Each structure stands twice: as C-alpha cells, then as structure tokens.
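Opening the notebook on this one.

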Amino acid sequence: MQFGETELVYFSATGTTRKVIETIGKNLSVRSNDHNLLLHSLKEDLSIAQDHLTVVAMPVYNGRLPGYCTQSLAHLKGNKTPAIAVVVYGNREYDDALLELKTLLEENGFFVIGAAAFIARHSIFPQVATDRPDEHDLALIREFTRRCAEKLQALTKADAFVPFQVKGNFPYKEARSVPMKPSSGDDCALCGTCAQICPVNAITVTETATRTDENLCMSCGACINACPSESRQYRGADYEKFKSKFIERFSRRKEPELFL
C-alpha cells in the first residue's frame with residue numbers, strides 16, 4: 001500500500017513527545033499534517049483518508065493515557081487507515097498505555113502497522129532520563145520508522161494485514177491523577193503565560209496572584225515549560241521527599257520497545 005500524506009497527532013506538554021513524532025515525520029518521505037493536541041484539542045470528528053498514514057504519539061501518565069488525550073482521540077476516525085502508535089514515558093514503566101492507544105485506534109477504524117514505547121526525560125522528576133531521547137533513541141526511532149514504512153508498502157491491501165500484540169493488560173490499570181501539582185513562586189511576574197498554555201484551564205491569574213485548581217490540573221508540565229521566569233515548578237517538602245525516592249528507584253536506563 002502506498003500512502004500520500006502523513007497525519008502527525010500528538011500531545012506534548014514539555015516537548016519530548018513532539019521530538020519523537022517529529023523524528024518519525026521527517027523520516028517519512030511525504031508531506032505531513034500537524035495536529036498538536038496541546039494547542040488544539042479535537043472537539044469534533046476528524047476523518048482521516050485511507051491513504052494518509054497516521055502517526056499518534058502520546059505521553060504516559062501513571063501507566064495510562066491522559067484522559068484529556070483520550071477525549072480528543074475519540075474524535076479521530078480512520079477508514080481502514082494505517083497508523084503507527086507511539087507512547088513516550090519517563091523511564092518508570094508504560095504499563096497499559098500502549099495497549100490502550102493501539103486498541104483505541106483499532107476501534108476507530110485504523111489498523112496499526114507498528115507500535116513502540118520510547119523513553120524521554122521525566123516531566124515531574126527531570127533528573128530521571130535527563131537527556132532522552134538521546135542519539136541512540138533517535139537512531140532507533142528512525143529504524144522503527146523505516147521498518148513501519150516498508151511493512152506498509154509490502155501490503156497489497158488493508159484486509160491483508162495481520163494484527164500483532166503489544167505489551168499491556170486488560171482490564172487496564174486504574175487511571176489515577178498525579179498527586180503533585182506545579183505552582184508559581186514568589187518571583188511570579190503574573191504574565192499569564194501559564195494560564196494561556198494550560199490545556200485544561202486550571203490556572204487563573206489576577207493582579208496579585210497565580211492560582212491553580214488542583215482538581216483540574218493534570219500535571220502535564222506545560223506551564224513549567226512555558227514559564228519565561230521559571231517560576232512555575234513542582235515544589236514543597238512532600239515533592240522533595242518523593243523525588244529522592246523516585247530518582248533512586250527509576251534512574252537505571254530502560255530501552256525502547258518496538259512491536260511490528
């Protein structure tokens with residue numbers, strides 16, 4: 001099967017998932033269309049043509065896809081459309097997230113020709129997997145992309161595709177919110193950049209303070225990444241205590257896992 005264009009669909013609060021999917025896109029020799037769910041969530045159905053290879057890359061939060069992302073992906077509709085499913089996690093574990101993404105795509109009219117779990121700098125504890133994806137990771141991403149393209153081109157038609165399994169369990173593990181939430185420090189300039197980038201509108205800025213609704217906050221870190229004064233951070237005694245334990249347990253390097 002030949003594909004005329006690629007659709008790049010992703011959520012990347014801190015830039016690492018975007019780096020992974022952009023590497024995939026650059027190694028597919030056709031025009032690509034960008035769908036950045038951080039900036040523009042899907043609120044209406046988006047139908048993808050059969051000859052548009054669709055690459056979907058999502059972060060992993062507590063071993064699952066973020067609910068914000070699955071709400072958008074429910075509107076992504078294929079028509080026997082080939083897809084590549086990618087999850088990106090911070091060197092702890094991706095648990096059921098890849099299976100969840102693959103299943104969601106297949107239920108929405110796509111057939112997944114390749115799937116992978118790649119590692120990136122942890123968004124809450126950036127001392128873990130600090131420089132990832134590194135050059136070794138990027139080389140594997142390029143190789144994975146090449147193999148997916150070759151696999152698709154060898155197919156005569158969608159109905160000839162043989163499904164494959166990925167790691168994960170069903171029922172999925174319970175989806176839990178991340179208990180740690182970022183906040184602004186005393187040096188906050190009240191510029192409002194954090195409120196503008198927050199995908200769930202959890203931040204309000206007044207003339208005197210920046211406040212975060214912790215019931216809405218999904219701990220994605222987009223506000224930290226965007227803050228021009230670096231005032232937005234995870235902080236507090238509980239955070240520091242958990243950070244040291246997390247670094248100790250999960251700093252040992254893990255390698256990407258590919259499924260084709």
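Predicted model: local features only at pLDDT ≥ 70, side-chain atom pairs only at ≥ 80, totals over all residues.

What volume does the largest cavity have? I get about 90 Å³ for the largest cavity. Residues are numbered from 1 along each chain as its sequence is written, and side-chain values use heavy atoms, with hydrogens and water left out.

**Cavities and pocket**

My rule works on a 1 Å grid over the protein atoms alone: a cavity is a set of points where a 1.4 Å probe fits but cannot get out, a pocket is an open set with protein on both sides within 12 Å along at least five of seven lines, and lining residues have an atom within 4 Å of a point. Grid points are joined across faces, edges and corners, and a volume is the space filled by probe spheres set on the points. I count 2 cavities of 30 Å³ or more. The largest cavity is lined by 15 residues, and closest to its centre I find Cys198, Cys217, Ser219, Cys220 and Cys223.

I looked up Ser219 next. It sits in the loop between β9 (210–212) and α6 (222–226); helices (H or I, at least four residues) and strands (E, at least two) are DSSP runs numbered from the N terminus. Serine 219 has a phi near 55 degrees, which is positive in a residue other than glycine. At 3% relative accessibility, serine 219 counts as buried (under 20% relative accessible area; exposed is over 50%, partly exposed in between, with a 1.4 Å probe and protein chains only).

Then the largest pocket: its volume is about 570 Å³. It has 33 lining residues, and Val60, Asn62, His122, Ile124 and Phe246 lie nearest its centre. The largest share of that lining, 5 residues, comes from α7.

**Helix α7**

Which of its residues are buried? I list Tyr239, Lys243, Phe246 and Phe250. Those buried residues fall within an arc of 75 degrees seen down the axis, so they line one face of α7; the arc is that of the directions from the helix axis to the C-beta atoms. The face turned away carries the exposed Ala237, Lys241, Glu248 and Arg249.

**Strands**

Is β4 (residues 52–59) enclosed or open? 8 of its 8 residues are buried, so β4 is largely enclosed by the rest of the structure. His52, Thr54, Val56 and Met58 point one way, Leu53, Val55, Ala57 and Pro59 the other. β4 pairs in the parallel sense with β1 over 6 bridges and with β6, also parallel, over 6 bridges; pairing takes at least two DSSP bridges between two strands. Glutamate 7 has threonine 54 as its bridge partner in β4, and alanine 57 has valine 86 in β6.

**Cis prolines**

Two last look-ups. Arginine 132 and proline 133 are joined by a cis peptide bond, omega about 5 degrees. Phenylalanine 170 and proline 171 are also joined by a cis peptide bond, with omega about 5 degrees.
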